[in-house]
Amino acid sequence: MSNPGRVDNLDMGATVWMIASTALVFLMIPGLGYFYSGMVRSKNALSLVFLCMMALAVVTVQWVVWGYSLALSETSNNGFIGDLGHWLFLDVDYRPHPNAPTVPGVVFATYQCMFAALTPGLAIGGAAERIRVLPTIVYTFIWTTVVYDPIAYWVWAPGGWLTKLGVLDFAGGCAVEIASGFAALAFYAVLGKRRGFGEEKWQPHNHLNIILGFAFLFFGWFGFNAGGASLVSGRAGIAFMTTNIAGAVAGIVWVALAYWQQRRFSSFHFCSGAVAGMVCVTPAASLVSTWAAFPMGAAAGLFCFCAVEVSLRLGIDDCIDVFAVHGVGGVLGVMLTGVFANKHVIGLDGVVSKGGLINGHAYQLLIQLAAAAASAAWSFGVSYLVLRAMDCVPIFRFRVDAAAEDHGLDFTELGEAGYSFVRDLALAHAPASRPHSLSKPLITEAPTPPPGTAAAIEAIIIQHPHDTRPMLKGSPSSGTVAELPSPK
């Protein structure tokens, strides 16, 4: 099979930069796991890190088998999906892909694999604390094939219908951000709310995990947004700086809004805001002037913060704000790319473009709207149908039972725990009919102290060591909820 790329155009600097960027995007995957793990309750922390790393493994296999060929085939004759010309990485070698004419095709394919592996991990956050591991692993393979690959082909492949329409989406506003955000919304539509949602006051259990995961995400995002841009023309530097500016501005705006609402600062709010800013600038990273990252970051901080508030008021249990940050932020970013895309910046690589609204090309906004709407509709609709179909098969039922949800997914799904005290408490309350492969618990169940006493309050604090406002009364599996007085 022939490849239109020219081997004599390969550039060592561009190749090294893309390999380094591949490693940077890889770091985003465990970073996402840690970011998510800190935002949920301690009994579910490990399961999210595990699922993010499993997504990397599953999608790597899928990508080599047929994912790369379906998503980025340069020989397909239709605008919807690629062919199988590159299945099992056939002819993926030193010959470059048209999207990256100066690097070997295998380097470009590996770089894109990291994008594909990160995306389902983002979506899984919409089902945090209530999802079974086995069906999620199978779903990840299917979802990447029927949701991510088609959208990626539309937007990035030479024959994609949105590519031919003239869409501007540099680093994944449609295929990564919108697709994951609306897939998370589909998870909520199928699985429903967590037990106790709206009755218990849940707090992120580990803010240090949130900051650590966020640091990996921020660091990796430089490779995510700038890895595919040219070093020589300066567009990689532009993408690097727009990512930094948008994240910083959105983080500041989100913190300011939260302070105005709550009269206190929060590291969690800063991290959420900065992620929203980087989500928004992703489709525009090397297509706009650096100054455009300021209004894009500010808009992301404002709109995504409001989206979180609206979700809470509507009773939507998006516990990690995947839809509010990635879905809303992705749509906003794709549309603002149509506003701020600069034909002079795009032209640094010799590419002819009419730019966006700032260049007088208002029609670009309609193209961007078509891309955002099609990506959102396809992701939500297909994700919902796949989830419903799989959920009808008992072995692929997604939601854990009530007892497992109360005990936590770390123990009931993995037989492990991120924290030893969670394992000990789960074992102490585990029914004899559901033995697990863990060692004998280090503690035994003690008599329940009288409600409201100092001993009862101390017991609750042990269950939630990072939460200054103890809220649960009774055993982890009792399902009873009551507010206890704060310790004096």
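Phe115 is buried, with a relative accessible area of 2%; here buried means under 20% relative accessible area, exposed means over 50%, and partly exposed lies in between, using a 1.4 Å probe and protein chains only. The structure is a predicted model, in which local features need pLDDT of at least 70 and side-chain atom pairs count only at pLDDT 80 or more, while totals for chains, interfaces and linings use all residues. Residues are numbered from 1 along each chain as its sequence is written, and side-chain values use heavy atoms, with hydrogens and water left out.

## Overall architecture and confidence

The protein chain contains 17 helices and zero strands, where helices (H or I, at least four residues) and strands (E, at least two) are DSSP runs numbered from the N terminus. Of the 488 residues in the protein chain, 56% are buried. Contact means heavy atoms within 4.5 Å. Among contacts in the protein chain with a separation of 6 or more, 75% involve residues 24 or more positions apart.

The predictor's confidence in each residue is given by pLDDT, on a scale from 0 to 100. For the protein chain the mean pLDDT is 88, and 85% of the residues reach 70 or more. Residues 433–449 have pLDDT below 50, and this stretch makes 21 contacts in the model beyond near neighbours in sequence. Residues 451–488 also have pLDDT below 50, with 55 such contacts in the model. Where pLDDT is low, the predicted coordinates should not be read in detail.

## Aromatic pairs

Rings of Phe, Tyr and Trp (its six-membered ring) pair if their centres lie within 6.5 Å; planes under 30 degrees apart count as stacked, over 60 as edge-to-face and the rest as tilted. Phe115 and Phe224 form a stacked pair, because their ring centres are 4.2 Å apart and their planes are at 20°. The two residues belong to distant parts of the chain, 109 residues apart: Phe115 is in helix α3 (residues 105–124) and Phe224 is in helix α7 (residues 207–226).

A charge sits over a ring if NZ of Lys or CZ of Arg is within 6 Å of the ring centre and within 35 degrees of the ring normal. Arg95 meets this rule at Tyr94, with its charged end 5.9 Å from the ring centre.

## Salt bridges

A salt bridge is a side-chain nitrogen of Lys or Arg within 4 Å of a carboxyl oxygen of Asp or Glu. The whole structure holds nine salt bridges. One of them pairs Arg95 with Asp93, whose closest N and O atoms are 2.7 Å apart.

Another salt bridge joins Asp317 and Arg130, with 4.0 Å between the closest N and O atoms. Asp317 lies in the loop between α10 (293–314) and α11 (322–340), and Arg130 in the loop between α3 and α4 (133–156), so this pair ties together parts 187 residues apart in sequence. Both residues also belong to a network of salt bridges that links Arg41, Glu129, Arg130, Arg194 and Asp317.

Asp349 and Arg235 meet through their side chains in a salt bridge of 2.9 Å, N to O. Asp349 is in the loop between α12 (343–346) and α13 (363–391), whereas Arg235 is in helix α8 (residues 235–262), so the pair ties together parts 114 residues apart in sequence.

The table gives the accessibility of residues in these bridges.

| Residue | Relative accessible area | Class |
|---|---|---|
| Asp93 | 22% | partly exposed |
| Asp317 | 0% | buried |
| Arg130 | 0% | buried |
| Asp349 | 36% | partly exposed |
| Arg235 | 7% | buried |

## Helix α8 and backbone features

Helix α8 has 28 residues and spans 40 Å from its first C-alpha to its last, close to the expected 40 Å; the expected span is 1.5 Å times one less than the number of residues. Just after α8, Arg263 takes a positive phi of about 60°. Arg263 is located in the loop between α8 and α9 (267–281) and is exposed, at 56% relative accessibility.

Asp91 likewise has a positive phi near 60° in a residue other than glycine. Asp91 is placed in the loop between α2 (45–72) and α3, and is partly exposed at 22% relative accessible area.

## Ile137

Ile137 is in helix α4 and is partly exposed, with a relative accessible area of 23%. Apart from neighbours within four places in sequence, Ile137 is in contact with Met54 and Val58. Ile137 and Val58 are 79 residues apart in sequence, while their C-alpha atoms are 7.2 Å apart in space.
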